[in-house]
Amino acid sequence: MRDVAIVGAAITKFGELWQQSLRALAVEASLAALKDAGVDHVDALYVGAMSGGLLVGQEHLGALLADALGQSHIAATRVEGACASGGLALRQGFLAVASGAAEVVLVTGVEKMTDVDGVVATDVLATAADQEWEAMHGVTFPGLYAMMARAHMQRFGTSARALASVAAKNHAHGIKNPQAQFALRLTADDVLSSAMVADPLHALECAPISDGAAALVLVPATKAMQLSKRLVVHIAASAQAGDTMMLAGRASLSELAGVARAGALAYQQAGKGPTDIAVCEVHDCFTIAEIMATEALGFFEPGQAAAAVEAGVTSLGGRLPINTSGGLKARGHPVGATGVAQAVEIVTQLRGEAGARQVAGARVGMTQNMGGTGATAVVHILEVR
Amino acid sequence: MSTARGYREYPQRYRYEAAVCDGCGKWHFPPRLICDACKSETFTPRAMRRTGTILTHTVVHAAASAFADQAPYAVAIVEMDDGPRVTMQVVDWRTGELKSGQRVKLEFRRISEAGPAGTITYGYKAVPMSLLA
């Protein structure tokens, strides 16, 4: 396997973007990433998108984007794994370059969610659950994570206030990210006084419905210096693992075993451990998801992450800043774009270009992206050497 | 839900039918085509006992579209006394009854309706046993 580098990275504004179509968002991010890399053609592209079909009535997104970029002749593939679609697209791009199958690969994540109303979007997101045996009984995605939250609270005594602190922290970070959907200063009290969506999760504990796209350009590390003047960011690990499709099938409802497996594989590939990570983007689709993900990745012992959030350990300026971009909560969560957007944030941090939210001296960063209730889990470790 | 899909799921929704692995005896609900424990591909259908215990639950306030007229409604993961863990609604509960360890009994109820002219889907919902005489 060849060493793979990221030489281009770009992200659109995230939000409710009525003036831009799915196509326009994907093209904007892709062109910006190609310009960032200083390349004008690619051998292959991978598009991460969860549900173009249900959200805007458009499938076949690989060919759509390749043509829109004026490169209709290339190998273009759409990758889907619910909210992990973007992370999986990055992994497929990594594998294409690492294996020698392609030299220059574009990875674009995109979702256009606000052409439909919130009820339809909620139903579309619920398609990541088992339709016949979960969604059939009226459980929504917030409902599934709410059941995980209650299990975590029962087992470890995790408080509602600690969960709310995750959202307050990520919004504080999001204020420093110009691409973020929200620039809101929220306290834990604000979060706890917002409407209940699925008890014990409040509205301000749930990632929003968003439009947006993000893109990366991948090349063999040996060619990165010739192709690009940018600081070379290496993909030190690309790991994927799984868990049961249904939440009910898990031995433990308060742990993300698939994320733990992907994390362990990533540490092994990179020859690193949790203490080597300087900055990390995790999949905080709900507050409890960040708590459980940071425990699964070995940053905290099971049951200890909530106290760490409340103590500021994962805030900017803390020992391990988590979700400096604002996370899914504040940056926004156009689902197919998320896994790619996380990597764009880490590239920006490792290049030292994160401005007001820069983690000083960060040289190793991680992204964790998951689909459903964690049935698809993907973890990347990025590094400047 | 299409009529054909409803028909396919009758054994589980109407009769609580699990697939008991001929290889290792594990109960699967919903039924599987290959056992995740021993990889056997032969099973014997058996109806589950209708009793179980709540492991975790939520009360959904922002409903899925087919359940808008039921909100807020409770959903739980119930560990059946025969072993399978099953996601289902909990109905007829009083404040304080929804908690881990609460014993429940499955009852046959209306689940959802596909519009005024669509089929009505029936199936199982849990009722706290503290409510039952």
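**Chains A and B of a predicted model**

Colleague: Where is the place of D92(B)?

Modeller: D92(B) sits in the loop between β6 (85-90) and β7 (103-113) of chain B. Helices and strands here are DSSP runs numbered from the N terminus, helices being H or I with at least four residues and strands E with at least two. This is a predicted model, in which local features need pLDDT of at least 70 and side-chain atom pairs count only at pLDDT 80 or more, whereas totals for chains, interfaces and linings use all residues. Residues are numbered from 1 along each chain as its sequence is written, while chains are lettered from A and ligands numbered from 1 in the order in which they are written.

Colleague: What is the phi of D92(B)?

Modeller: D92(B) has a positive phi of about 60°, although it is not a glycine. Most residues other than glycine have a negative phi. D92(B) counts as partly exposed because 14 other C-beta atoms lie within 10 Å; a residue is buried with 20 or more such atoms within 10 Å of its own C-beta, exposed with 12 or fewer, and partly exposed in between, the C-beta atoms being placed from the backbone.

Colleague: And H60(A), is that one buried or exposed?

Modeller: H60(A) is exposed, since it has 12 other C-beta atoms within 10 Å. H60(A) is found in the loop between α2 (52-56) and α3 of chain A, and although it is not a glycine, its phi is positive at about 60°.

Colleague: Which peptide bond into P200(A) do you get, cis or trans?

Modeller: The bond from D199(A) to P200(A) is cis, with omega near 10°, and P200(A) lies in the loop between β5 and β6 (201-202) of chain A. In chain B, A71(B) and P72(B) are joined by a cis peptide bond with omega of about -10°; P72(B) is in the loop between β4 (51-60) and β5 (73-80) of that chain. Most peptide bonds are trans.

Colleague: Staying with chain B, how many helices and strands are there?

Modeller: Chain B has 2 helices and 8 strands, and read from the N terminus the order is α-α-β-β-β-β-β-β-β-β. Its C-alpha atoms fill a box of roughly 45 × 40 × 25 Å along the principal axes. Of its 133 residues, 34% count as buried.

Colleague: What is A151(A) in contact with?

Modeller: A151(A), which is in helix α6 of chain A, is in contact with L253(A), S254(A) and T56(B) once its neighbours within four places in sequence are left aside. A151(A) and L253(A) are 102 residues apart in sequence and 6.1 Å apart in space, C-alpha to C-alpha. A151(A) is buried, because 24 other C-beta atoms lie within 10 Å.

Colleague: New topic: how is chain A divided into domains?

Modeller: Chain A is divided into domain 1 (4-117 + 209-233) and domain 2 (129-207 + 237-383), with bounds that come from an automatic or database domain assignment. The centres of the two domains of chain A, taken over C-alpha atoms, are 23 Å apart, and 37 residues of domain 1 are in contact with 33 residues of domain 2. On the domain 1 side, α4(A) gives the most, with 8 residues.

Colleague: One more, at what angle do α1 and α3 of chain A cross?

Modeller: The axes of α1 (residues 22-37) and α3 (residues 61-68) of chain A come within 10 Å and cross at roughly 60°; axes are lines fitted to C-alpha atoms, for helices over the stretch in contact, and angles run from 0 to 180 degrees between N-to-C directions. The helices α1(A) and α3(A) are therefore oblique to each other, since angles under 35 degrees count as roughly parallel, over 145 as roughly antiparallel, 65 to 115 as roughly perpendicular and the rest as oblique. In this contact, R23(A), A26(A), V27(A) and S30(A) of α1(A) meet L64(A), L65(A) and A68(A) of α3(A).

Technical notes: Contact = placed C-beta atoms within 7 Å.
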